[in-house]
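Grab the viewer and work through these exercises one at a time. Try each task before you read its solution.

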Amino acid sequence: MSDVRPKKALGQHFLTDQSIARSIVDALSADGVRDVLEVGPGMGVLTQYLLQRPDIDLKMVELDGESVAYLMRTFPGLEGKLLEADYLKLNIQKIFPGPYRVIGNFPYNISSQIFFKILEDKDVVPEVVCMIQKEVADRIAEPPGSKTYGILSVLLQAWYDIEYVLSVGPGAFNPPPKVKSAVIRLKRNSRTELGCDEKLFKQVVKTAFNQRRKTLRNALKPLIKEGADTSDPIFDLRAEKLGVEDFVRLTIILN
């Protein structure tokens with residue numbers, strides 16, 4: 001397994017614990033959409049178990065050429081399934097014309113960007129199973145009111161039910177990361193629309209949390225139109241106190 005050298009620049013920490021790898025793959029529902037995209041397969045620790053599942057059609061995207069070469073050598077039959085590309089710049093519709101699910105040990109340095117890309121595709125991504133930094137997992141799954149609750153928490157919770165699957169210590173990786181890790185599962189909820197301007201909703205959430213210590217009346221000044229009525233008590237709160245529905249209501253007020 002020493003064929004691929006983990007690259008710091010790519011945030012690579014290869015999972016070596018096989019029981020955890022199997023648990024991650026098992027967390028992907030057995031009765032879901034067949035098309036599955038593995039993001040960043042690395043040395044194939046999840047791939048080996050994903051390929052054993054008859055209920056899925058697997059495709060993979062990997063940025064590291066060394067990993068791609070290793071995977072092609074190690075797993076016969078990957079021709080046409082493995083793409084050497086940057087997931088963040090990928091036009092997924094060219095790979096999957098319809099719904100697809102996402103699984104992967106996400107590189108920790110770009111996990112937030114991966115989630116923003118998944119949000120763009122939320123109507124065709126019914127499920128995500130991923131390992132990420134524990135701190136980010138906690139933040140995403142956190143309810144309103146805590147210090148870690150933030151932009152990603154609101155945007156993901158608006159469209160997905162988030163389930164914490166398991167925690168993973170640094171010793172399960174090569175090289176061991178300096179942080180703890182966690183596996184979470186996101187399942188698309190029944191929401192089809194927010195009931196407000198979605199673009200403005202995102203802007204309101206981001207602007208509110210960018211100055212999270214201020215009350216919303218002050219934090220949202222750039223978005224409050226001149227002469228707008230800000231007497232609603234919601235403007236006296238800070239961003240971390242608001243759930244998804246509160247942000248929807250706030251967006252409607254500001255519109």
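**Exercise 1.** Which residues of helix H3 (residues 65-74) are buried?

*Solution.* Before starting, note that this is a predicted model, where local features need pLDDT of at least 70, side-chain atom pairs count only at pLDDT 80 or more, and totals for chains, interfaces and linings use all residues. Residues are numbered from 1 along each chain as its sequence is written, and side-chain values use heavy atoms, leaving out hydrogens and water.

Step 1: settle the terms. Buried means under 20% relative accessible area, exposed over 50%, and partly exposed in between (1.4 Å probe, protein chains only). Helices (H or I, at least four residues) and strands (E, at least two) are DSSP runs, numbered from the N terminus.

Step 2: go along H3. The buried residues there are Ser67, Val68, Tyr70 and Leu71. They sit on the same side of H3, because the arc they cover around the axis is only 165 degrees, taken from the directions from the helix axis to the C-beta atoms.

Step 3: look for the cover. It includes strand S1 (14-15), helix H2 (47-50), strand S3 (57-62) and strand S4 (82-84).

**Exercise 2.** In what order do the seven strands of the open sheet come?

*Solution.* Step 1: apply the pairing rule, by which two strands pair if DSSP finds at least two bridges between them.

Step 2: read off the order, S4-S3-S2-S5-S6-S9-S7, with mixed pairing. S4 and strand S7 (160-168) are at the edges with a single partner strand each, so one side of each has no neighbour in the sheet. From one strand to the next, the twist averages 20 degrees.

Step 3: check some pairs.
- Strand S2 (residues 35-39) runs parallel to S3, with five bridges; here aspartate 35 is opposite aspartate 57.
- Strand S5 (residues 101-105) and S6 are parallel too, joined by four bridges, and valine 102 faces valine 128 of S6.
- S6 and strand S9 (residues 181-188) are antiparallel over seven bridges, with methionine 131 partnered by valine 183 in S9.

**Exercise 3.** How many residues of strand S6 (residues 127-133) are buried?

*Solution.* Seven of the seven are buried, so S6 is largely enclosed by the rest of the structure.

**Exercise 4.** At what angle do helix H7 (residues 198-210) and helix H9 (residues 244-254) pack?

*Solution.* Step 1: recall that two packed helices are described by the angle between their axes and the distance between the axes. Axes are lines fitted to C-alpha atoms (for helices, over the stretch in contact), and angles run from 0 to 180 degrees between N-to-C directions.

Step 2: get the values. The angle for H7 and H9 is about 105 degrees, and their axes are 9 Å apart.

Step 3: classify. Angles under 35 degrees count as roughly parallel, over 145 as roughly antiparallel, 65 to 115 as roughly perpendicular and the rest as oblique. H7 and H9 are therefore roughly perpendicular to each other.

Step 4: find who meets whom. Contact means heavy atoms within 4.5 Å. The H7 side includes Leu200, Phe201 and Val204, and the H9 side includes Val244, Phe247 and Val248.

**Exercise 5.** Is leucine 216 buried or exposed?

*Solution.* Step 1: find leucine 216 in helix H8 (residues 216-219).

Step 2: check its accessibility. The relative value is 0%, so leucine 216 counts as buried.

Step 3: list its partners. Setting aside neighbours within four places in sequence, leucine 216 has contacts including Ala208, Ile234, Phe235 and Leu250.
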